[in-house]
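Dear colleague,

Please find below the structure that I am handing over to you.

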Amino acid sequence: MQETGAWASPPDHPITPEQARAFIEGDGADVLGHILMSAMAPIYWHAPTTSGERGIVGNGTLTIARSRQRLFAVTAYHVVDGYFAARDADPRTICQIGNLPFDQLMSRIIDRSGYRDDTDDNDGRHDLCTIEITEAEVTALRKEPVTLGDSPGVQEGRGILFGGFPGAWRRELAPREAEFRGLRGIGISRRVSDTQITWVRDPDLDTHVAGLPELQPHANLGGISGGPMIGLFETPGHILYFQLAGIIVEAIQSLDNLVARSSHLLRPDGTIRRR
C-alpha cells in the first residue's frame, strides 16, 4: 500500500488559506453542501414489527456517480450485506432509496468486493459494491451524480468533502417513509494511500458550516457507510472542480475517524479493481 505525498499551498497561490476558509464558511457553504447532498441518498430497509406496522431495520448511504462510460451507484459491501441478512431473517423486508422502492437489489449488482457469499474471495476485501441505477430513478430522487474522473487523486493535506446519513439522525414519519438528515463535512485528508483515504476530526483544520449541526466529538455516525468523499482539485489556471475521491466504509466512533476506499478502485464500467 503506497502512500501519497503531503500537499502544501503554493506560496504564490492567488487565494490565501484565510480567504479559502472565509469562502467555505460563508457564500461557499451552500454550493459545497449542494454538491454533497446531490451525490448521495439514504438506502434503508424495513420490515413488519410486532404491532403490524413497518419499522426501519437498518440503513446506509448510496453514492451516485457518473463515469465517462456509465451511471451507477456505489456503497459499502457491508451495507448491502446487512439488507440481505435482514431479508433472510424476514422475507417481507423491503429495500428503499429515499422514498423510492428499490426492488431486486441482487440482480442490480454490477460488482462487489468482499461479498459474504464469496468463499474464495481473497481480493483484499475492499468492502465495496456497485449497483445499477437508472436515469429515471436519479431524476425522481432529485440527485446530480458526482463525477468519477481521471484526477490524480487526493493528496494528504488537501481539502475534502464527506457526507452520509447517520442512522441516529433519521426520523420515521410513516410506514415506508422516513426523513434522513444528511451529514455534510468539510475537512482535510489525513492519511492517503493508493487504496485508502482517512479523515480524523481536528477542530483546528475542519470547517463548520453555518446552519448545519456541528459534528460533536465521538458522534455515532453509523449509517454513513457508502457515503462519498469528494476531492477538491484545481486546474493549472486555479479553477476549482470536484470529483469523487473515495467511498466511506468505516466510521470509528472512539477515534473520530473516517476510512474511505479510494475511487481509483472503481473502473469506469462500474467494476471493482481487486488489487
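Cys129 is buried (under 20% relative accessible area, with over 50% counted as exposed and values in between as partly exposed; 1.4 Å probe, protein chains only), because its relative accessible area is 2%. Cys95 is likewise buried, with a relative accessible area of 2%. The structure holds 0 disulfides, a disulfide being a pair of cysteine sulfur atoms within 2.5 Å.

This is a predicted model, in which local features need pLDDT of at least 70 and side-chain atom pairs count only at pLDDT 80 or more, whereas totals for chains, interfaces and linings use all residues. Residues are numbered from 1 along each chain as its sequence is written, and side-chain values use heavy atoms, leaving out hydrogens and water.

There are 5 aromatic pairs (rings of Phe, Tyr and Trp, the last by its six-membered ring, with centres within 6.5 Å; planes under 30 degrees apart are stacked, over 60 edge-to-face, the rest tilted). One of them joins Phe162 and Trp199, which is tilted because the planes stand at 45 degrees, with the ring centres 4.6 Å apart. Both Phe162 and Trp199 are buried.

Phe165 and Phe180 form an edge-to-face pair, at 6.2 Å centre to centre and 85 degrees between the planes. Phe165 is buried at 2% relative accessible area, and Phe180 is buried at 12%. Ring pairs link Tyr44, Phe165 and Phe180 into a cluster.

Finally, the charged end of Arg108 sits over the ring of Phe102, 4.0 Å from its centre (NZ of Lys or CZ of Arg within 6 Å of the ring centre and within 35 degrees of the ring normal).

With kind regards
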